[in-house]
Amino acid sequence: MAKKNSFDPDKLVLTKPEILEFCDRVLAKWNKNPSKNTNNILAMNAVKTSIVWTDDESLKAIWGEILAWTFELLYENAMAQDDESWGNVMKKLKNKK
């Protein structure tokens, strides 16, 4: 009987090319208005360069932490918006899909 792997949302399973493809999609969006997004484009290109030069194990460790922190930051950011009820914040997050 084969052991089934458990789901771990903090574990990076994307490949380096898939992460770079994501960065390219973001850059394509920002390049529609480059004068407004100059700093963002520069920063994303720096991120892409760091991804290219980082070995796979370090990439998995770094992005695993980023993924874990993202969930915590989303929660903290939602809770900090005390001008809205938690239910309204959750609805807005759900409708962002």
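Guide: One definition comes before the questions. Buried means under 20% relative accessible area, exposed means over 50%, and partly exposed lies in between. Keep in mind that this is a predicted model.

Visitor: Arg-25: buried, partly exposed or exposed?
Guide: The cut-offs are 20% and 50%. Arg-25 has a relative accessible area of 49%. That value lies in between, so Arg-25 is partly exposed.

Visitor: What share of the 97 residues of the protein chain counts as buried?
Guide: Buried means under 20% relative accessible area. The chain has 97 residues, and the share that counts as buried is 16%.

Visitor: Where is Asn-37, and is Asn-37 buried or exposed?
Guide: Asn-37 sits in the loop between helix 1 and helix 2. Asn-37 and Leu-27 are 10 residues apart in sequence, with 9.3 Å between their C-alpha atoms. The relative accessibility of Asn-37 is 10%. The cut-off is 20%, so Asn-37 counts as buried.

Visitor: How many salt bridges are there?
Guide: The rule asks for a side-chain nitrogen of Lys or Arg within 4 Å of a carboxyl oxygen of Asp or Glu. Among the pairs are Glu-21 with Arg-25 and Lys-48 with Asp-24. By this rule the count is three.

Visitor: How many residues apart are Lys-48 and Asp-24?
Guide: The salt bridge between Lys-48 and Asp-24 spans 2.5 Å, N to O. This pair links distant parts of the chain, with Lys-48 in helix 2 and Asp-24 in helix 1, 24 residues apart.

Visitor: Asp-24: buried or partly exposed?
Guide: Its relative accessibility is 37%. This lies between 20% and 50%, so Asp-24 counts as partly exposed.

Visitor: Which helices hold Asp-56 and Lys-16?
Guide: The side chains of Asp-56 and Lys-16 form a salt bridge at 4.0 Å, N to O. The two residues are 40 apart and link distant parts of the chain: Asp-56 is in helix 3, residues 56-80, and Lys-16 is in helix 1.

Visitor: How does Asp-56 count, buried or partly exposed?
Guide: Asp-56 has 44% relative accessibility.

Visitor: Which helices each supply at least two residues of the lining of the second largest pocket?
Guide: The lining includes Phe-22, Val-26, Met-44 and Val-47. Helix 1 covers 16-30, and helix 2 covers 38-53. The suppliers of at least two residues each include helix 1 and helix 2.

Visitor: How do the lining residues divide, and how much space lies in the second largest pocket?
Guide: Eight lining residues are nonpolar, one is polar and none is charged. Trp-30, Asn-40 and Trp-63 are among the lining residues. The space in this pocket is about 170 Å³.

Visitor: What accessible area do Phe-71, Leu-74 and Leu-93 have together?
Guide: These residues form a nonpolar patch on the surface. Leu-93 is in helix 4, residues 86-95. At 41% relative accessibility, Leu-93 counts as partly exposed. Together the three have about 280 Å².

Visitor: How far apart in space are Thr-49 and Leu-20?
Guide: Thr-49 is in helix 2. Thr-49 counts as partly exposed, at 42% relative accessibility. Thr-49 and Leu-20 are 29 residues apart in sequence, and their C-alpha to C-alpha distance is 9.3 Å.

How values were computed. Residues are numbered from 1 along each chain as its sequence is written. This is a predicted model: local features need pLDDT of at least 70, side-chain atom pairs count only at pLDDT 80 or more; totals for chains, interfaces and linings use all residues. Side-chain values use heavy atoms; hydrogens and water are left out. On a 1 Å grid over the protein atoms alone, a cavity is a set of points where a 1.4 Å probe fits but cannot get out, and a pocket is an open set with protein on both sides within 12 Å along at least five of seven lines; lining residues have an atom within 4 Å of a point. Grid points are joined across faces, edges and corners, and a volume is the space filled by probe spheres set on the points. Helices (H or I, at least four residues) and strands (E, at least two) are DSSP runs, numbered from the N terminus. Ala, Val, Leu, Ile, Met, Phe, Trp, Tyr, Cys and Pro count as nonpolar, Asp, Glu, Lys and Arg as charged, and the others, Gly among them, as polar. Buried means under 20% relative accessible area, exposed over 50%, partly exposed in between (1.4 Å probe, protein chains only). Patches are made of residues with over 30% relative accessible area and no salt bridge: like charges are joined within 9 Å, nonpolar side chains (Val, Leu, Ile, Met, Phe, Trp, Tyr) within 5 Å. Accessible areas come from the Shrake-Rupley method with a 1.4 Å probe; for residues, only the protein chains shown count as cover.
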